[in-house]
Amino acid sequence: MLCQPKVWNEESFGGYLSNQSKGVDIITGIDYLNHSVKNKNSIYKAVNYLNSIKFCINKNLLYFLQSDQGNNILNNIKPDDELQRYITLKIADVYQNTYFYLNTHADWRGRLYTQSFYISYQSGDLSSALLNFEEGETIRASLDNNETVS
């Protein structure tokens with residue numbers, strides 16, 4: 001999504017903008033499996049947090065894969081699904097100059113999934129390698145004497 005997904009809570013349907021009228025539950029499969037969820041607020045909190053993260057395309061990798069050298073590497077490594085690789089690279093090319101959000105939902109077991117199939121941190125190696133955080137932070141390690149190391 002190019003805009004942040006709508007916030008989930010007990011009073012409103014979140015995620016995709018069209019979900020306000022569609023009313024698709026945050027938890028897939030719950031209706032036809034007759035399950036109930038006891039602490040839905042924890043799921044709302046986790047999904048709303050994940051939905052708030054901005055992502056962007058790793059342009060350095062994309063440009064390399066579009067070069068002759070990168071294209072040779074791709075041609076020598078045949079994927080299980082060549083069409084999926086092609087679509088993933090095309091989507092990355094389209095979104096390379098903007099940030100975006102990955103809409104998330106849960107299943108009836110409480111597992112969280114992105115709703116994006118081609119560009120996602122839960123997808124294959126190519127897809128997750130093409131994904132960067134738009135607003136990164138320095139990774140810091142905590143030491144015993146409360147100092148930090150960058």
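This report describes the fold, aromatic pairs, charged contacts and a surface patch of a predicted protein model.

## Basis of the model

The structure is a predicted model, in which local features need pLDDT of at least 70 and side-chain atom pairs count only at pLDDT 80 or more, while totals for chains, interfaces and linings use all residues. Residues are numbered from 1 along each chain as its sequence is written, and side-chain values use heavy atoms, with hydrogens and water left out.

## Overall composition

The secondary structure of the protein consists of seven helices and eight strands. Helices (H or I, at least four residues) and strands (E, at least two) are DSSP runs, numbered from the N terminus. Of the 150 residues, 29% count as buried; buried means under 20% relative accessible area, exposed over 50%, and partly exposed in between (1.4 Å probe, protein chains only).

The protein exposes about 10200 Å², of which carbon and sulfur atoms supply 49%. Accessible areas come from the Shrake-Rupley method with a 1.4 Å probe, and for residues only the protein chains shown count as cover. Among contacts (heavy atoms within 4.5 Å) between residues at least 6 apart in sequence, 58% join residues at least 24 apart.

## Aromatic pairs

A search of the whole structure finds five aromatic pairs. Rings of Phe, Tyr and Trp (its six-membered ring) pair if their centres lie within 6.5 Å; planes under 30 degrees apart count as stacked, over 60 as edge-to-face and the rest as tilted. Among the pairs is that of Phe55 and Tyr121, whose centres are 5.8 Å apart and whose planes stand at 35°, so the pair is tilted. Phe55 lies in strand E2 (residues 54-57) and Tyr121 in the loop between strand E5 (112-114) and helix H7 (125-129), so the pair ties together parts that are 66 residues apart in sequence. Phe55 is buried at 4% relative accessibility, whereas Tyr121 is partly exposed at 34%.

Another of the pairs joins Tyr95 and Phe100, with ring centres 5.7 Å apart and planes at 70°, so this pair is edge-to-face. Tyr95 is partly exposed, at 31% relative accessibility, and Phe100 is buried, at 5%. Phe55, Tyr121 and Phe133 form one aromatic cluster.

## Charged contacts of Lys54

One salt bridge is counted in the model, a salt bridge being a side-chain nitrogen of Lys or Arg within 4 Å of a carboxyl oxygen of Asp or Glu. The side chains of Glu135 and Lys54 form a salt bridge at 3.2 Å, N to O. Glu135 lies in the loop between strand E6 (131-133) and strand E7 (141-142) and Lys54 in strand E2, so the pair ties together parts that are 81 residues apart in sequence. Glu135 is exposed, with a relative accessible area of 56%.

The charged end of Lys54 also sits over the ring of Tyr99, 4.3 Å from its centre. A charge sits over a ring if NZ of Lys or CZ of Arg is within 6 Å of the ring centre and within 35 degrees of the ring normal.

## A buried asparagine

Asn48 is located in helix H3 (residues 40-51) and is buried, with a relative accessible area of 18%. Leaving aside neighbours within four places in sequence, Asn48 is in contact with Lys6, Val7 and Trp8.

## Nonpolar surface patch

Leu2, Val94 and Tyr95 form a nonpolar patch on the surface, with about 300 Å² of accessible area together. Patches are made of residues with over 30% relative accessible area and no salt bridge: like charges are joined within 9 Å, nonpolar side chains (Val, Leu, Ile, Met, Phe, Trp, Tyr) within 5 Å. Leu2 is found in the segment before helix H1 (19-22) and is exposed, with a relative accessible area of 53%.
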